[in-house]
Amino acid sequence: MSWWKKILGQGGAAPRSGARAKARAKAAPEPPPPPPPPPPPKPAIRADDRRIGAGRAQRLSHWRRFGRAEHEPLTYADNSDLHGAPDWPAGRKCYHVIHRYDSLILTTDGLSDPFVGTTSDGESGYGVEVFLEIPETGAMPFDEVRESWAFALLEIVSQNIAGFGGIADRLAREEVVLMSVPVLNPPAPDWVDEIGYTGVLIGLPARRVATEIALPLGPVRFTAVTLLRPDEAAFAQRGHDERADLAEALKLRGYDHFSDPERPSVL
């Protein structure tokens with residue numbers, strides 16, 4: 001073959017087969033698909049979230065099944081006035097007054113609001129509202145309710161629950177929880193111990209009140225607060241079995257979850 005045919009590529013040997021040729025013949029694998037984009041972050045719950053209002057309406061409707069609710073709840077003009085008091089989930093500290101034919105119920109309304117400013121949309125705040133039921137021979141004027149020992153007691157218990165970050169887990173473990181709180185205006189001096197504290201049981205069965213309803217973000221449990229005599233509180237402090245025995249004694253005497261300032265000790 002002449003030199004110019006070699007330069008032009010005419011003639012000569014066929015291309016050599018080998019590893020390089022095989023690699024070219026083999027199709028390259030498809031690249032993996034790109035990962036899907038992350039889901040957008042959940043928006044934080046706002047104070048005007050419609051589910052908050054819906055939950056409040058459901059709670060009030062629940063209480064209206066058992067008595068006549070005061071037209072206006074007990075609230076604070078400015079929650080910042082409660083210096084040092086812990087915030088409630090949506091920032092609104094509220095209480096309802098329910099008149100029954102033979103008793104008065106004071107109940108919190110806000111511990112089970114959803115947590116504003118968070119994306120925690122699978123729970124109703126602390127999951128509880130606490131209430132206190134007292135005997136009532138006549139309709140207590142609204143202004144007197146605010147100044148009563150019953151409101152003072154429920155108020156400090158509810159503030160403690162908010163300060164503890166809730167009480168639902170303890171109730172699930174212990175069924176009935178003991179709490180001792182300072183009360184400036186007890187129903188009588190013999191309802192406080194030597195250092196000025198009053199004991200309460202939280203979680204006694206309340207046969208005349210339904211205990212749980214579903215809210216838009218989860219259930220809420222309505223939990224009774226029951227006033228204790230100092231000797232009863234000291235007895236309950238010993239342990240779970242003693243609290244169960246005290247609960248049974250209150251039931252056998254017909255007091256149940258009621259906070260009756262006229263009752264004697266059951267011990």
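Student: Which residues does T107 touch, not counting residues up to four places away in sequence?

Tutor: A contact means heavy atoms within 4.5 Å. Leave out residues up to four places away in sequence, and T107 touches W63, C94, Y95, H96, E129, V130, F131 and L154. This is a predicted model: local features need pLDDT of at least 70, and side-chain atom pairs count only at pLDDT 80 or more, while totals for chains, interfaces and linings use all residues. Residues are numbered from 1 along each chain as its sequence is written, and side-chain values use heavy atoms, with hydrogens and water left out.

Student: Where is T107 placed, and is T107 buried or exposed?

Tutor: Buried means under 20% relative accessible area, exposed over 50%, partly exposed in between (1.4 Å probe, protein chains only). T107 has 0% relative accessibility, so T107 counts as buried. Its place is in strand β4. Helices (H or I, at least four residues) and strands (E, at least two) are DSSP runs, numbered from the N terminus.

Student: Which residues have the most contacts inside the largest nonpolar core?

Tutor: A nonpolar core is a set of buried Ala, Val, Leu, Ile, Met, Phe, Trp, Tyr and Cys residues joined through side-chain atoms within 4.5 Å. Here the largest one holds 33 residues, and L153, V157, I202 and V225 have the most contacts inside it. Among the elements that each supply at least two residues are β3 (94-99), α5 (149-164) and β9 (218-227). Helix α5 gives the largest share, eight residues. Now look at L153. Beyond residues up to four places away in sequence, L153 touches L132, V181, V183, V200 and L227.

Student: How many aromatic pairs are there?

Tutor: Rings of Phe, Tyr and Trp (its six-membered ring) pair if their centres lie within 6.5 Å; planes under 30 degrees apart are stacked, over 60 edge-to-face, the rest tilted. That rule gives six aromatic pairs. Y95 and F151 make an edge-to-face pair, 5.0 Å centre to centre with 85° between the planes. Y95 lies in strand β3 and F151 in helix α5, so this pair ties together parts 56 residues apart in sequence. Both Y95 and F151 are buried. Next, take F115 and Y126: their ring centres are 5.3 Å apart and their planes stand at 85°, so this pair is edge-to-face. F115 is partly exposed, at 21% relative accessibility. Y126 is buried, with a relative accessible area of 14%. Ring pairs also link W63, F66, F131 and F222 into a cluster.

Student: Which ring does the charged end of R229 sit over?

Tutor: A charge sits over a ring if NZ of Lys or CZ of Arg is within 6 Å of the ring centre and within 35 degrees of the ring normal. The charged end of R229 sits over the ring of W191, 3.9 Å from its centre. R263 lies over the face of Y255, at 5.6 Å from the ring centre.

Student: Do β5 and β9 run parallel or antiparallel?

Tutor: Two strands pair if DSSP finds at least two bridges between them. Strands β5 and β9 run parallel, joined by four bridges. V128 stands opposite R221 in β9. Strand β7 pairs with β9 in the antiparallel sense over three bridges. V200 has L227 as its bridge partner in β9. Strand β8 (residues 212-215) also runs antiparallel to β9, with four bridges. A hairpin of two residues joins β8 to β9, and L215 stands opposite G218 in β9.

Student: How many residues of β9 are buried?

Tutor: Eight of its 10 residues are buried, so β9 is mostly covered.
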